[in-house]
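I opened the model to look up its surface first, then its fold, then its charge pairs. My entries follow.

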Amino acid sequence: MEKKEIVLELKHVRKDFGNGPVLKDISLQLHKGEVMVFIGPSGCGKSTLLRCINGLEGIQGGEILLNGKLISTENTKWSEVRQKIGMVFQSYDLFPHMTVMENILLGPVKVQGRNRKEAEQEAERLLERVGLSDKQRAFPAQLSGGQKQRAAIVRALIMKPQILLFDEVTAALDPEMVREVLDVMLELAKSGGTMMIVTHELSFAKAVADRIIFLDDGIIVESGTPEEFFTRQKTERAQRFLNTFIFREEKGGDEA
Amino acid sequence: MPELGIRVLFMGNNLQRLFTGLWVTVRISLIAVLLSMVFGTFLGLAMTVRNPLVRVTLRIYLEFIRIMPQLVLLFLVYFGLSKAFGINLSGEVSAVLVFTLWGSAEMGDLVRGASNCVPKHQYESGAAIGLNRGQVYRYIILPQILRRLVPPAMNLTTRMIKTTSLVVMIGVVEVLKVAQQIIEGNRYTVPDSALWVYGAVLLLYFLACWPVSLFARHLEKVWKN
């Protein structure tokens, strides 16, 4: 990766819920336009890491810097930081009492104080980009899981965040819906978005990532390009992890 | 035909007296319900705080009020307070007090239940787009609590309206008491009036509760989408 400015930096981050550390000593740098994908077994701390980055969880040690500015302090204005670090969750998290359009406008209008008309036009453009033009006035209950997730992505995008965090956004979706959401993310990645993605979709990880981080037991076990990671694992732990997937694929038989 | 008990309703100002009685019923209920909604909301939100002392205190209050029959509570306030402390509340004030105590407890429990129903990720999604705590509550949490709350709250309201008939026992002349007076007063001239007068009372209670149900149904329809 050539020298690009560092957007986000983690230094020796430690997270402990009170019963042993979940994240032990995480250090990494995210560059502008980089797509970083976290993989690893369940409970390895991937989701927790994302939640720490936008302040949904506090950290017990280390530092998190956004554009060189320390954000892991007692008096961080998270409301401001979160406008720069957007997040999309696993659960269908649209607000059920609002239409898709109202869901999307809440942030720009109430938080950023933007002009409603202007925000609405941008929302329309973004909805078109993810193929949801006809769903502006629909309520979340009328959408499929995949449509909800795409709307949730637009809701995060319209804030014009510097970084987007995706926390297993396809994990709760029916298999047919997974693709439409991944396609949207792939398109975002290609158009230069800076992203951190937690996923279990390995082939997607291979396609979208600039760098793959393999986490296990709260530490970064491996970090490298997808090519390196999927063909020449450096550690036995990563090999074992990948093998479980290969086994599953052979058994299923119908996966490419 | 002219012997039918129904004519008692149209004798003198009987019908007007019944409506005056109904107004007493509605007045007590209305004040108690409004106060209960306000106090109940605070009570319900207070029940969700982590402080164990607050929780236990509120829990005891809730259980106490629930276990006690409303009639006992009415006697306790109306007779008990005056005997023990020399506080002489009028029947109507006692009624409003008791029904507010009861309504707030029930309402509090409904609010607590409804707020527990809003999933945690709704708070987080709100926070994730940069809303501050107050905004998350205002735009995301409270509207959802309110929607869940309407059906049971309306149910509680009609229950309170109906239960006010107990205040007869502490000497408040409301619609049921007026009905009794009319029946007693015409015992010799219209001996079969009971069915008709109580029938009319039934209708009046329906008249008081039906708009509440209609209102609830309307809100549910508006919010359904």
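I started with the surface: chain A exposes about 12100 Å² of accessible area, and carbon and sulfur atoms make up 46% of that. Areas come from the Shrake-Rupley method with a 1.4 Å probe; for residues, only the protein chains shown count as cover.

I noted the ground rules. This is a predicted model, with local features needing pLDDT of at least 70, side-chain atom pairs pLDDT 80 or more, and totals for chains, interfaces and linings using all residues. Residues are numbered from 1 along each chain as written, chains are lettered from A and ligands numbered from 1 in written order, and side-chain values use heavy atoms without hydrogens or water.

I checked the fold. Chain A holds 9 helices and 10 strands, taken as DSSP runs numbered from the N terminus (helices H or I, at least four residues; strands E, at least two). Of its 256 residues, 54% are buried (under 20% relative accessible area; exposed is over 50%, partly exposed in between; 1.4 Å probe, protein chains only).

I turned to salt bridges (a Lys or Arg side-chain nitrogen within 4 Å of an Asp or Glu carboxyl oxygen).

Which residue does A:Lys24 meet in a salt bridge? The partner is A:Asp217, at 3.2 Å, N to O. A:Asp217 sits in the loop between strands 9 and 10 and A:Lys24 in strand 2, so the bridge ties parts 193 residues apart in sequence. A:Lys24 is partly exposed at 34%.

I then looked up B:Lys120, which pairs with B:Glu124 at 3.4 Å, N to O. B:Lys120 is exposed at 57%, whereas B:Glu124 is buried at 10%.
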